[in-house]
Amino acid sequence: MRKAILILISIALVLVAAAAALAQKAPQQEMFPEIGTAEVKKMMDGGENFFLVDARTAQEYAQGHIPGAVNVPPEKFGIIAGYLPNNKGILVVFYCRGYG
């Protein structure tokens, strides 16, 4: 189980890095900083308060996900506000399976 979690975190953060690379030309890059697997693991191990979003399909989520992650599949992005925490000061971290 722990290995699967680390694999999911690794995949997610590779995707975050890819998205950040694509966003480098966009002025919003500073609003969406890139974080690495080590930082996410440290946050999880340290009990830091953050909101983890699994942006994969419901089927993929059901097959396995990082504990504590909330599933918001792509087709639900239009209503994502209903899934996000009320406290806007909480860090929100997204992960998915990548571009396909």
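The model is predicted: local features need pLDDT of at least 70, side-chain atom pairs count only at pLDDT 80 or more, and totals for chains, interfaces and linings use all residues. Residues are numbered from 1 along each chain as its sequence is written, and side-chain values use heavy atoms, with hydrogens and water left out.

Start with the overall layout. The chain has three helices and three strands. Helices (H or I, at least four residues) and strands (E, at least two) are DSSP runs, numbered from the N terminus. Read from the N terminus, the order is α-α-β-α-β-β. Of the 100 residues, 31% count as buried. Buried means under 20% relative accessible area, exposed over 50%, and partly exposed in between (1.4 Å probe, protein chains only). The chain exposes about 6,800 Å², and carbon and sulfur atoms supply 60% of that area. Accessible areas come from the Shrake-Rupley method with a 1.4 Å probe; for residues, only the protein chains shown count as cover. Among contacts between residues at least 6 apart in sequence, 54% join residues at least 24 apart. A contact means heavy atoms within 4.5 Å.

Now the sheet. Strands of a sheet pair through backbone hydrogen bonds, either parallel or antiparallel. Here, three strands make an open sheet in the order β2-β1-β3, with parallel pairing. The edge strands are β2 (70–71) and β3 (91–95), and each pairs on one side only. Two strands count as paired if DSSP finds at least two bridges between them. Strand β1 (residues 50–54) and β3 are joined by five bridges in the parallel sense. Phenylalanine 50 has leucine 91 of β3 as its bridge partner. Glutamate 48 sits in the loop between α2 (37–45) and β1. It is partly exposed, at 46% relative accessible area. Glutamate 48 and leucine 91 are 43 residues apart in sequence, yet their C-alpha atoms lie 9.6 Å apart.

Next, the charges. Side chains of opposite charge can pair when their charged atoms come close. The whole structure holds two salt bridges. The criterion is a side-chain nitrogen of Lys or Arg within 4 Å of a carboxyl oxygen of Asp or Glu. One links aspartate 45 and lysine 41, at 2.6 Å from N to O. These two residues are four apart in helix α2, so about one helical turn separates them. Aspartate 45 is exposed, at 57%, whereas lysine 41 is partly exposed, at 22%. The other joins aspartate 54 and arginine 56, with the closest N and O atoms 2.8 Å apart. Both aspartate 54 and arginine 56 are buried.

What about the nonpolar side chains? In soluble globular proteins, they tend to be buried together. A nonpolar core is a set of buried Ala, Val, Leu, Ile, Met, Phe, Trp, Tyr and Cys residues joined through side-chain atoms within 4.5 Å. The largest core has nine residues: Ile35, Val40, Met43, Phe50, Leu52, Ile66, Ala69, Val93 and Tyr95.

Finally, the surface. Phe77, Val92 and Phe94 form a nonpolar patch with about 230 Å² of accessible area together. Phenylalanine 94 belongs to strand β3 and is partly exposed, at 34%. Patch members need over 30% relative accessible area and no salt bridge; like charges are joined within 9 Å, nonpolar side chains (Val, Leu, Ile, Met, Phe, Trp, Tyr) within 5 Å.
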